[in-house]
Amino acid sequence: MIHSRIAGTGSYLPERVMTNQELEKLVDTSDEWIVERTGIAQRHIAADDQTCSDLAQRAAEQAMARAGIAATDIDLVIVATSTPDHVFPSTACRLVERLGIPGGAVAFDVAAACSGFIYALDVANRFIQTGGAGRALVIGSELFSRILDWSDRGTCVLFGDGAGAVVLEAAESPGILSTHLHADGRQTDLLNVPWGVSQGYEQLPGERGKVRMKGNEVFRVAVRTLGGLVDETLAANGLKRGDVDWLIPHQANIRIMTATAKKLGLPAERMVSTVADHGNTSAASIPLALNEAVSDGRIKRGDLLLLEAFGAGFTWGSALIRY
Ligand code: UT7
């Protein structure tokens, strides 16, 4: 049986930092409200000329360097994003060219909103387990600043831009112990960008091209669903509350994250939290947080990690990993 393991992690955040105080000048909000209700103090915003592949490239280069792996060794690239460079080719195809990965590699994007990285990790893991790939780049890269309505205080204070990446490679022992993916399309009205290219360009998308969310209702579904996901992940691995070393949650809201840590029986210091500095970077948030805790030495080889996400669709998923 072939397994897969994380060989290296990387991330990239655009230089420009936008504070809550700046948002106070744009919409009727306050630093106090944002911090109290979400835990967010600031977020990074991409420069006008930066695209999804620019951010992804920087994160991927760091992950490959940390793994000690050259681009010529990569045979699978998966980019999780809702904000790609182009309709096509995929952002993953652009990275093949930009990183110097050999032509003939497998490369595609995955669309699962904030759960996209977990979805991409699951797919890459299956490629490796079945011998379809030996070394994979799995990336989450997002520029949500491009799809925000900067006059809607209910959404514009929540999101930021960034990218995170891992190199996954074949190994004799796991690595990735289990993955759990789910989707349910019956509540799309609660969180969406209600425009896409198949609707045509007769009318410019305008407001329909921006994130819309009934935050309070999403919050309730997220907490309930993630609680169930934690139970499912522990049960599938014969684990009990408190057995996991680190929770690396999707960084949507500190209150949702803390509720999940509590459900897992973990103290707050065993949860990796970057939401204060990055906001919600959608598919990039988990690999960004993972790389931060690996880089500062908190997460060590052999630690047991639980990664989980919930996002539009709804989609949700988790991965249990022996790092
Ligand atoms: O990543 C994908 C998944 N997304 C999520 O998981 C996000 C889930 N939702 C949330 O994180 C929270 O629901 C929010 C942070 C979006 C909102 O927090 P909340 O505690 O659920 O607030 P609320 O929507 O119930 O609104 C409470 C009040 C309302 O005013 P009234 O009606 O009580 O007068 C809102 O209009 O807060 C108001 N409000 C704001 N006030 C200041 C909403 N946004 C803001 C704001 N600044 N930015």
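Begin by selecting F219, A222, V223, L226, G227, V230, D231 and L234 in helix α7, which meet R255, I256, A259, T260, K263 and L264 in helix α8. Contact here means heavy atoms within 4.5 Å. The residues of this contact divide into nine nonpolar, two polar and three charged. Ala, Val, Leu, Ile, Met, Phe, Trp, Tyr, Cys and Pro count as nonpolar, Asp, Glu, Lys and Arg as charged, and the others, Gly among them, as polar.

The model is predicted: local features need pLDDT of at least 70, side-chain atom pairs count only at pLDDT 80 or more, and totals for chains, interfaces and linings use all residues. Residues are numbered from 1 along each chain as its sequence is written, and side-chain values use heavy atoms, with hydrogens and water left out.

**The α7 and α8 pair**

Show both helices whole. Helices (H or I, at least four residues) and strands (E, at least two) are DSSP runs, numbered from the N terminus. Two packed helices are described by the angle between their axes and the distance between the axes. For α7 and α8 the angle is about 30° and the axes are 10 Å apart. Axes are lines fitted to C-alpha atoms, for helices over the stretch in contact, and angles run from 0 to 180 degrees between N-to-C directions. The angle makes α7 roughly parallel to α8; angles under 35 degrees count as roughly parallel, over 145 as roughly antiparallel, 65 to 115 as roughly perpendicular and the rest as oblique. The crossing of α7 past α8 is right-handed. A crossing is left-handed if the near helix is turned anticlockwise from the far one by less than a right angle, and right-handed if clockwise.

**The core**

Next select V157, V211, V244, L247, L264, F310 and F314, the residues with the most contacts inside the largest nonpolar core, which has 38 residues. Such a core is a set of buried Ala, Val, Leu, Ile, Met, Phe, Trp, Tyr and Cys residues joined through side-chain atoms within 4.5 Å. Buried means under 20% relative accessible area, exposed over 50%, partly exposed in between (1.4 Å probe, protein chains only). Two or more residues each come from α7 (215-236), α8 (254-264), β12 (304-311) and β13 (315-322). The largest share, seven residues, is from α7.

Stay at F314, in the loop between β12 and β13. A cis peptide bond joins G313 to F314, with omega about -5°.

**The α3 and α4 pair**

Move to α3 (residues 52-67) and α4 (residues 91-99), whose axes come within 10 Å and cross at roughly 55°. That makes α3 oblique to α4. Select C52, S53, D54, A56, Q57, A60, E61 and M64 in α3, then T91, R94, L95, R98 and L99 in α4, which they meet. Six of the contact residues are nonpolar, three polar and four charged.

In the loop between β4 (76-80) and α4, find P89. F88 and P89 are joined by a cis peptide bond, with omega about 0°.

**L143**

Select L143 in strand β6 (residues 135-143). Its relative accessibility is 3%, so L143 counts as buried. Leaving out residues up to four places away in sequence, L143 touches A46, Q50, T51, C52, L55, T83 and D161.

**Two loop residues**

Finish with A113, in the loop between β5 (106-110) and α5 (116-129), and S282, in the loop between α9 (275-278) and α10 (285-295). Phi of A113 is near 50°, a positive value in a residue other than glycine. For S282, phi is near 50°. A113 counts as buried at 16% relative accessibility, and S282 is buried at 1% relative accessible area.
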